Amino acid sequence: MKNIIKVERAKLSMTQQDLADLISVSRQTINSIEAGKYVPSTVLALKIARVFNVSMELIFELEEGD
C-alpha cells in the first residue's frame, strides 16, 4: 500500500511527532506507515485522513498485489 503522508505533512510543516501526537500513536508508528512497513487499521487511516482534511483514498492507495 502506497501513501502520501509525508507529502501531506510537508504541506503543513508538520513533523512525524506532530502527527503522532494528534492521533495518539508513536512517532515510530508514523515512520513505519510512511515507509510502507506497517499497514494502519481502518480507524488509524481515518484519523490520519481527518488530520489532513482529505479522504482516506487520497492518502492511501492499494498497489497491485495488495
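Helices and strands are named here as DSSP runs, a helix having at least four residues and a strand at least two, with numbering from the N terminus. With that in hand, welcome to this predicted model. The protein holds five helices and two strands, and from the N terminus on its elements follow the order β-α-α-α-α-α-β.

Let us begin with the overall form. Along the principal axes, the C-alpha atoms fill a box of roughly 30 × 20 × 20 Å. For 66 residues, a compact globule would have a radius of gyration near 11 Å, and the protein agrees because its own value is 11 Å. Buried residues account for 30% of the 66 residues. The accessible surface comes to about 4400 Å², and carbon and sulfur atoms contribute 50% of it.

Now look at a pair of helices. Two packed helices are described by the angle between their axes and the distance between the axes. Here helix H2 spans residues 16–23 and helix H4 spans residues 42–52; their axes come within 10 Å and cross at roughly 115 degrees. The crossing of H2 past H4 is right-handed. On the H2 side, the residues in contact are Leu 19, Leu 22 and Ile 23, and they meet Leu 44, Lys 47, Ile 48, Val 51 and Phe 52 of H4. Sorted by class, this contact has seven nonpolar residues, no polar ones and one charged residue.

Next come two spots in the loops. Most residues other than glycine have a negative phi. Ser 24, which is not a glycine, has a positive phi near 60 degrees. Ser 24 sits in the loop between H2 and helix H3 (27–34). Is Ser 24 buried or exposed? Its relative accessible area is 66%, so Ser 24 counts as exposed. Asn 53 also is not a glycine, and its phi is positive at about 55 degrees. Asn 53 belongs to the loop between H4 and helix H5 (56–59), and because its relative accessible area is 71%, Asn 53 is exposed.

Finally, turn to Leu 62, found in the segment after strand S2 (60–61). Leu 62 has a relative accessible area of 59%, so Leu 62 is exposed. Which distance separates the C-alpha atoms of Leu 62 and Asn 3? They are separated by 8.7 Å, although the two residues are 59 residues apart along the chain.

Key. Residues are numbered from 1 along each chain as its sequence is written. This is a predicted model: local features need pLDDT of at least 70, side-chain atom pairs count only at pLDDT 80 or more; totals for chains, interfaces and linings use all residues. Side-chain values use heavy atoms; hydrogens and water are left out. Axes are lines fitted to C-alpha atoms, for helices over the stretch in contact, and angles run from 0 to 180 degrees between N-to-C directions. A crossing is left-handed if the near helix is turned anticlockwise from the far one by less than a right angle, and right-handed if clockwise. Contact means heavy atoms within 4.5 Å. Ala, Val, Leu, Ile, Met, Phe, Trp, Tyr, Cys and Pro count as nonpolar, Asp, Glu, Lys and Arg as charged, and the others, Gly among them, as polar. The radius of gyration is taken over C-alpha atoms; the globule rule is 2.2 Å times the number of residues to the power 0.38. Buried means under 20% relative accessible area, exposed over 50%, partly exposed in between (1.4 Å probe, protein chains only). Accessible areas come from the Shrake-Rupley method with a 1.4 Å probe; for residues, only the protein chains shown count as cover.
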